[in-house]
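Open the model in your viewer and show it as a cartoon.

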Amino acid sequence: MRGRPVDPAKRAAVLEAAATLFFRNGFAATSIEQVAAEAGVSKVTIYNQFGDKDALFAAAVDLECGKMRRLFEEGAKAVSAGREPASVRERLTAIGEAMSAFLSRPEVVCFDRQVAAESERNPDVGRAFLNAGPYRVKAAFVAMLEAMVAAGDLRIENSSLAAEQFVGMCKGLGDVERRYGMQTDPAADRARVAGAVDLFLKGYSAR
């Protein structure tokens with residue numbers, strides 16, 4: 001059972017340290033002791049706050065993926081409130097480029113490889129990553145698309161499928177190339193996002 005919550009500054013320091021170490025070294029090579037030393041807290045503080053390494057891992061992934069998730073959540077709120085002045089094309093382009101930039105970060109590419117390898121031995125790591133990261137990000141994007149549908153900007157019957165289609169088009173072969181050690185090509189990434197937006201709007205634009 002978890003003890004009393006630590007103060008916000010210590011919690012933030014622990015999460016930042018955990019995110020840095022997990023993304024750089026992977027799950028298996030990161031220990032609670034290392035996170036505690038990096039954050040300047042005791043192991044007891046981490047165990048009291050998070051319970052165990054798996055829970056700390058999920059919280060660290062949630063912290064990093066939350067940066068993308070907030071983009072969708074804020075966009076959905078703005079659309080619902082009628083406060084979003086940008087065109088649908090501009091909004092989708094901004095989302096696609098932000099997502100591409102996030103996935104291109106060297107530490108994210110490294111982390112993705114390490115989590116995949118660790119999941120072969122421990123499927124719980126893979127499930128924790130999917131639940132804390134990609135699934136929550138997708139849910140936020142789906143909510144944004146549904147807000148755009150409600151606003152009359154898009155016409156989509158299956159927002160869950162549409163979200164996956166858009167993400168898949170934005171990632172393209174570039175995502176696979178990065179996993180296998182190829183250098184990021186920003187121009188190709190921008191062109192891929194622009195093409196994804198074009199195709200997405202041809203299929204789902206309501207105007």
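**Start with the whole chain**

Of the 207 residues of the protein, 41% count as buried (buried means under 20% relative accessible area, exposed over 50%, partly exposed in between; 1.4 Å probe, protein chains only). This is a predicted model: local features need pLDDT of at least 70, side-chain atom pairs count only at pLDDT 80 or more, and totals for chains, interfaces and linings use all residues. Residues are numbered from 1 along each chain as its sequence is written, and side-chain values use heavy atoms, with hydrogens and water left out.

Colour by secondary structure. You get 10 helices and zero strands (DSSP runs numbered from the N terminus: helices are H or I with at least four residues, strands are E with at least two). The C-alpha atoms fill a box of roughly 55 × 40 × 25 Å along the principal axes.

**Stop 1: helix α3**

Select residues 43-50, which form helix α3. Its buried residues are T45, I46, Q49 and F50. Now look down the axis of α3: these buried residues fall within an arc of 100°, so they line one face of the helix (the arc is that of the directions from the helix axis to the C-beta atoms).

**Stop 2: the aromatic rings**

Show the aromatic side chains. The whole structure holds nine aromatic pairs (rings of Phe, Tyr and Trp, the last by its six-membered ring, pair if their centres lie within 6.5 Å; planes under 30 degrees apart count as stacked, over 60 as edge-to-face and the rest as tilted). Select F23 and F111. Their ring centres lie 3.9 Å apart with the planes at 10°, so this pair is stacked. F23 sits in helix α1 (residues 8-25) and F111 in helix α6 (residues 106-121), 88 residues apart. Both F23 and F111 are buried.

Next, pick F27 and F57. The centres of their rings are 5.1 Å apart and the planes stand at 85°, so this pair is edge-to-face. F27 is buried at 8% relative accessible area, and F57 is buried at 1%.

**Stop 3: S100**

Move to helix α5, residues 88-104, and select S100. What does S100 touch beyond its neighbours within four places in sequence? It is in contact with D189 and V193 (contact means heavy atoms within 4.5 Å). S100 is buried, with a relative accessible area of 9%.
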